Amino acid sequence: MKMGREDIYSLFISIAVRPHSRCLYQTPRLSQRCIRHASTSNSPVPPKQNPGPKKPSIPLHVGLDRNPDALSAISRIPIPRGERGEKFTPAVLSRPLGLEHPPLPGQNSPLDRRSLRERKDEFTSYSKALERRRVYLRSYFRPYFQEWRRTEHYKGKSFVSNERLFRRDKALYFPNIWGQTLAKEGDGPTGGRDITPTITGKISLIGMQSGQWAEEQVDTFFGSKHNPDLPQIIAASNGLVQRIDVNIQGDWIRAWLVKIFSGRLRKMISPDRWDKYFMIKLPRDIRRGLTDDVRDAMGLLNSQVGYVYLVDSSCKIRWAGSGHAWEGEVAGLNAAVQRLVQEEQKLQSSSASVSAPNAVASKPLSTKPKPNPKLQTKPSPKSDEIPAAIAA
């Protein structure tokens, strides 16, 4: 008797959902079953409660693939199905990428800062145990060459960049990233830094790559060879625009090799960018580091492909690109950066004009002697006028 693929999937998901007899979650149920009433051995058995209608179960391929409709689960970006002879064309990015909440230092960090009580509560939580099982099953059934097979379609390009900037009130936030940098002075006692303090208050051009091929894809957007106008735009911004690089590695061996050859990376990068070059390792846990859900939300669907993001001073993603730059995407990036620079300058000027009246109002009162009312024949017509700074 041969079992189909869906039957095998449903079997594994039923095993994953079924709690173990020694699970802490089942302890109260087992203890009540083993209780014997002291009054009599023939105590009436309580009637069984009607469980009600059976809840619909999620099919296994949904829990494992997370994209049965050829769409990413969170960002809703079309992705290849992985079938032979499939023809896939990347779609234009039509909705904002990112997280709904602003990033905070310490988030998505591989360091475990939980207390013993928090660790115990999570270890004994049945819902957390089910979540871990689903993640481990999904990672186990994921094909090893899935990401490399997706690079057959337009060199792995996931989506085409948006033609215009996402509105500030509609854009979503870039997640916090924790990793080591190339800074000579080191990264502090924890051995790493958060990216949120670096990108807050400035316009950031963030390039994320995992290897030489992905780095070449990022250079088609940021490199001086393919985009000679971008360095001039950055220089004309008077320090408002900066470039940040994030080196992503999928396992600890590659991360170790990158750390060993960090001196070679310093020779290839100018010293002013050493503290803005982050090196991170993708996690294998549901809690630590840049998880699958976070990467899905920011549109990073293939770790073998390069991605670029334009982030404003409030850490919101206003523009994004992937893979090799197509015709028109470089010009769109330059126009987006110039438009964002103008927007940030207007915000700074408006905030300065608002803070000016507050500064005038906070000045101490004048200590000049008051004029004698007997000598003053007419009231001064300018005594009730508003100062020019306040009127402005």
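Buried means under 20% relative accessible area, exposed means over 50%, and partly exposed lies in between. The views below all come from a predicted model.

View 1. Ile260 has a relative accessible area of 43%. It is therefore partly exposed, as this value falls between the 20% and 50% limits. Ile260 sits in helix α10, which covers residues 252–260. Together with Trp252, Ile253, Trp256, Leu257 and Phe261, Ile260 makes a nonpolar surface patch of about 670 Å².

**View 2. An open sheet of seven strands.** The strand order is β2-β1-β5-β4-β3-β6-β7. The pairing is mixed. Two strands form the edges, β2 (193–194) and β7 (317–322), and each pairs on one side only. Strands of a sheet pair through backbone hydrogen bonds, either parallel or antiparallel.

**View 3. The pairing of β1 with β2.** Strand β1 spans residues 178–181. It pairs with β2 in the antiparallel sense, over two bridges. Here Gly179 stands opposite Arg193 in β2.

**View 4. Helix α8 across the sheet strands.** Helix α8 is made of residues 212–222. It lies across four strands: β3 (203–209), β4 (241–249), β6 (307–311) and β7. Relative to β3, helix α8 runs at about 155 degrees.

**View 5. Arg243 and Asp245, a buried salt bridge.** The closest N and O atoms of this pair are 3.2 Å apart. Asp245 has a relative accessible area of 3%, so Asp245 is buried. Arg243 counts as buried too, because its relative accessibility is 18%, and the limit is 20%. Side chains of opposite charge can pair when their charged atoms come close.

**View 6. Arg114 and Glu122, joined by their side chains.** The two side chains meet in a salt bridge, at 2.6 Å from N to O. Glu122 counts as buried because its relative accessibility is 14%.

**View 7. Arg167 and Asp169, an exposed pair.** Their side chains meet in a salt bridge, at 2.6 Å from N to O. Both residues, Arg167 and Asp169, are exposed.

**View 8. A network of salt bridges.** Five residues are linked here: Arg168, Asp312, Arg318, Glu343 and Glu344. Across the whole structure, a search finds 14 salt bridges.

Notes:
Residues numbered from 1 in each chain as written. Predicted model: local features only at pLDDT ≥ 70, side-chain atom pairs only at ≥ 80, totals over all residues. Heavy atoms only, no water. Patch = residues over 30% accessible without salt bridge, like charges linked within 9 Å, V, L, I, M, F, W, Y side chains within 5 Å. Areas by Shrake-Rupley, 256 points an atom, 1.4 Å probe, with all protein chains shown as cover. Salt bridge = Lys/Arg side-chain N within 4 Å of Asp/Glu carboxyl O. Buried < 20%, exposed > 50% of the residue type's maximum accessible area, 1.4 Å probe, protein only. Pairing = 2+ DSSP bridges. Contact = heavy atoms within 4.5 Å. Axes fitted to C-alpha atoms, helices over the stretch in contact; angles between N-to-C directions.
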